[in-house]
Amino acid sequence: MLNFFYLKFIFFILCSTVVLAQEKYTISGIVKEASSNESLIGVTIVFPELNSGVTTNEYGFYSITLPSGSYTIQISSIGFQDIVQKIDLNKNLKMNFKLEIFVEELEEVVIKENVEKINIRKPQMSINALTVETIKNIPLVFGEADVINSILLLPGVTNAGEASTGFNVRGGATDQNLILLDEAIIFNSSHLFGFFSVFNPDATKDVKLYKGGIPSRYGGRISSVLEVFQKEGNSKEFKISGGIGTIASRILMEGPIVKDRAAFLIGGRVSYGQYFLPALDIDNSASFYDINAKAHYRLNEKNKILLSGYFGRDSFSLDKNFTNTFGNSVLNFRWNHIISDKIFSNLSLIYSEYFFGLELNLLGFNWDSNIRQFNLKYDINDYKSDKLKINYGFNNIYYVFNPGTVKPLDQNSDILEEQLTKKYANEFAAYVDIEHFISEKFSMEYGIRLSLFARLGQDDFNFYKNDDPVIFDPFLLTYLEAEPLDLVDPPPGFSSGNGTGISDIYTNLEPRISASYRFNPNTSIKASYNRMAQYIHLLSNTSSPTPLDVWTPSGPYVKPQILDQYALGFYKNINNGSYTIETEVFYKDIENRIDYIDGANLIANNAIERVILNGEARAYGMEVLFRINKNKFSGWLAYTLSKSEQRTPGRTPKVDNGRSNKETGINLGKWYNTPYDKSHDIALFGSYTLNKKWRLNMDFIYQTGQPTNYPIGQFELQGLTIPYYGLRNVERLPDYHRFDISAKFVPTKKASSKWQSEWVFSIYNVYNRKNAASISFRRNLDTGVNEAIQTSIFGIVPALTYNFKF
């Protein structure tokens, strides 16, 4: 019923749009960087006389329809010189612009436009943008610039601590983040235990994080969207850039294939810390490498094709007895087509894969698993007028889940080769998203997404008594794995092993709405509501994703997660944007959040439904972001106060042999802290330009300790001391905090040389804080007394990085 009224609301708003009789014309075109012909995202095109404007899309295209007349057009983007010129609009105009890089003079630094600050007028909220320059200024461990570790300084974003992969947004789980690289889905965003991300900063062009108010073109995850676009390549001249760091190095090459029409880009990174470990008599090893590649070709003024790819692998071994290999592979073909001066379209064909494997020498077998997807995506931007823009499209994803293939290392082994049952699914979605400036003060963005998820046929199906794979023991007051009654071939209508036929189907309407009311040019309030559905799930009983985690689709026993999120915010620019304040409150309610029975085994489990239950989750909180953007100094202070909880109450009482089995639920059916609940999160970042050669940077992070479990007692059994635990996640690790600094030195460039370089000196965790990654308990063999052992990953870490380009 709610969705029906929402559709009527959209229809009413559209029909109420008044079209004035005055004759109108359209200005459209592409905005590029002058030195490389790289298309620019988010460039602002403004007409001051009308107080109207537009921004370029992900491919540099813009279009705006205005009444006939004479106007001033102003094009601006951070880091580039403004273009200001007069135009007479008495016909449709095609105007392409090339922006020159802005060279800062220390004595007169002028910040033309700051894409990182909030747009007061637009209804978009809960969105943070970071420039590549900001990312490269943030001091991090080993001195390496990194996208994921940089967004941890934003409000509402945390992780599970040092050496943890992934990130958590507004109390959400790591698998609830949609991570996109050139529109392709990335399943694991980290390298080397989270010290690096899969995003090469030299190849990155644009970074945006949506925490709420998420447009309807995005779906499939319920917590956030991290969208990263790579550079397209320099079509004017050949360029090389790179860096040599403490434990890893990188290089990026780009240049024209056909000058001004086609270009390529290829980059790579490799770690080499593993080569130093044997010299320290350490048999363990950890390494990674990755490759980014991209090419584009402009067929004509209306058509451009792009081909991009990514391949990365991590390897981790312990004393040569355990080896873990994992990584992402992506291939993406896109076709940009300008249908008319008002309509832009993009067609994408995308392949994504995430592989993870184990080689267990002690046990004598390999275990390899992966998830693959094939994505067809088509999007249209329809610029109706300067007041109304409609985005619509569809995408279809076909999934293949391989939970694992077990192979013996020795052909004479007693271990048999086994293929766990593969799973197949298809996810289709269609959407419409409308940006509507209703008046000078009031604007809205509203839309709806229709998602349809079909679980397809597979080789084998488990059937259980009462159709219940998890049973409750009323005497032990605990949940147990049910034994399958039978393992059968596919029912009639299903083909064996090829993912045909439909076993389950889920359909959801996902309304999205955001609104902004502007009190004056510098002050506004905004509100948003999101409903989102997530059909694939990361099975993990750790606080951060590891390569051992398994993805699984929704099906008979695993229901789709459904989110309803509400947010309200206040935004203010002070002193012409030199200072900005953003405050938001939010509430998230999630249905069907996966929970695990005690002692759940997730590895090589061919009947994962026997260890999971469907529960619920909620998160709520307040975020404050104060930014400074002065001549020599820029930075921000972010504070988040939040709560993240989940609950799995007992299911409907069932009658067995005339006796009612009333279930207690997980954690006695009570709400408990999620592993990523952080009550307080403070992040401070600052960057100061001392002179033309030196730039100083710092950051400070404080977070409430991560929820955990400590034993509350112990008992003796057959001579063994066994601890026992109370309710889940009642205790916490000690609070986490650290202070980092860095200094960037740029030597004077010789006038006759193209070589440019810089040195980055950094110190991570300046005051050598031993932050707890975990606390374990053991009995001291000498004293017989139980003791707590804290494990810490890092103390103080100095680093030196040399960057270059020519």
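Which residues lie nearest the centre of the largest cavity? They are Asn149, Leu152, Asn159, Gly161 and Arg738, out of 22 residues that line the largest cavity. The model is predicted, with local features needing pLDDT of at least 70, side-chain atom pairs counting only at pLDDT 80 or more, and totals for chains, interfaces and linings using all residues. Residues are numbered from 1 along each chain as its sequence is written, and side-chain values use heavy atoms, with hydrogens and water left out.

The largest cavity has a volume of about 260 Å³. A search of the whole structure gives eleven cavities of 30 Å³ or more. A cavity here is a set of points, on a 1 Å grid over the protein atoms alone, where a 1.4 Å probe fits but cannot get out; lining residues have an atom within 4 Å of a point. Grid points are joined across faces, edges and corners, and the volume is the space filled by probe spheres set on the points. Three elements each supply at least two lining residues of the largest cavity: α3 (147–151), β46 (694–703) and β51 (736–745). Helices (H or I, at least four residues) and strands (E, at least two) are DSSP runs, numbered from the N terminus.

Now to the sheets. Strands of a sheet pair through backbone hydrogen bonds, either parallel or antiparallel. Two strands count as paired if DSSP finds at least two bridges between them. Strand β2 (residues 44–47) is joined to β3 by four bridges, and the two run antiparallel. Threonine 44 stands opposite threonine 55 in β3.

From threonine 44, step back to valine 31. The two are 13 residues apart in sequence and 9.9 Å apart in space, C-alpha to C-alpha. Valine 31 belongs to strand β1 (residues 24–33). Valine 31 is buried, with a relative accessible area of 0%. Buried means under 20% relative accessible area, exposed over 50%, and partly exposed in between (1.4 Å probe, protein chains only). Beyond residues up to four places away in sequence, valine 31 touches Glu38, Ser39, Leu40, Val43, Ile45, Thr56, Gly60, Tyr62, Phe97 and Leu99. Contact means heavy atoms within 4.5 Å.

Serine 28 also lies in strand β1. Serine 28 is buried, at a relative accessible area of 6%. Leaving aside neighbours within four places in sequence, serine 28 contacts Phe61, Tyr62, Ser63, Leu93, Lys94, Met95 and Asp341.

A second open sheet has five strands in the order β9-β16-β17-β12-β13, and its pairing is mixed. β9 (127–130) and β13 (184–185) take the edges, each with a single partner strand, so one side of each is left without a neighbour in the sheet. β9 pairs with strand β16 (residues 204–210) in the antiparallel sense over four bridges. Asparagine 128 has leucine 209 in β16 as its bridge partner.

What about charge? Side chains of opposite charge can pair when their charged atoms come close. The structure holds 40 salt bridges. A salt bridge is a side-chain nitrogen of Lys or Arg within 4 Å of a carboxyl oxygen of Asp or Glu. Aspartate 206 and lysine 208 form one of them (3.1 Å, N to O). Aspartate 206 is buried, at 15% relative accessibility.

Lysine 389 bridges to glutamate 435, with the closest N and O atoms 4.0 Å apart. Lysine 389 lies in strand β26 (residues 388–408) and glutamate 435 in strand β28 (residues 423–437), so the pair ties together parts that are 46 residues apart in sequence. Lysine 389 is buried, with a relative accessible area of 17%. Glutamate 435 is buried, also with a relative accessible area of 17%.

Lysine 643 and aspartate 677 meet in another salt bridge (3.7 Å, N to O). Lysine 643 lies in strand β41 (residues 633–647) and aspartate 677 in the loop between β44 (672–673) and β45 (680–689), so the pair ties together parts that are 34 residues apart in sequence. Lysine 643 is partly exposed, at 22% relative accessibility. Aspartate 677 is buried, with a relative accessible area of 0%.

Methods:
On a 1 Å grid over the protein atoms alone, a cavity is a set of points where a 1.4 Å probe fits but cannot get out, and a pocket is an open set with protein on both sides within 12 Å along at least five of seven lines; lining residues have an atom within 4 Å of a point.
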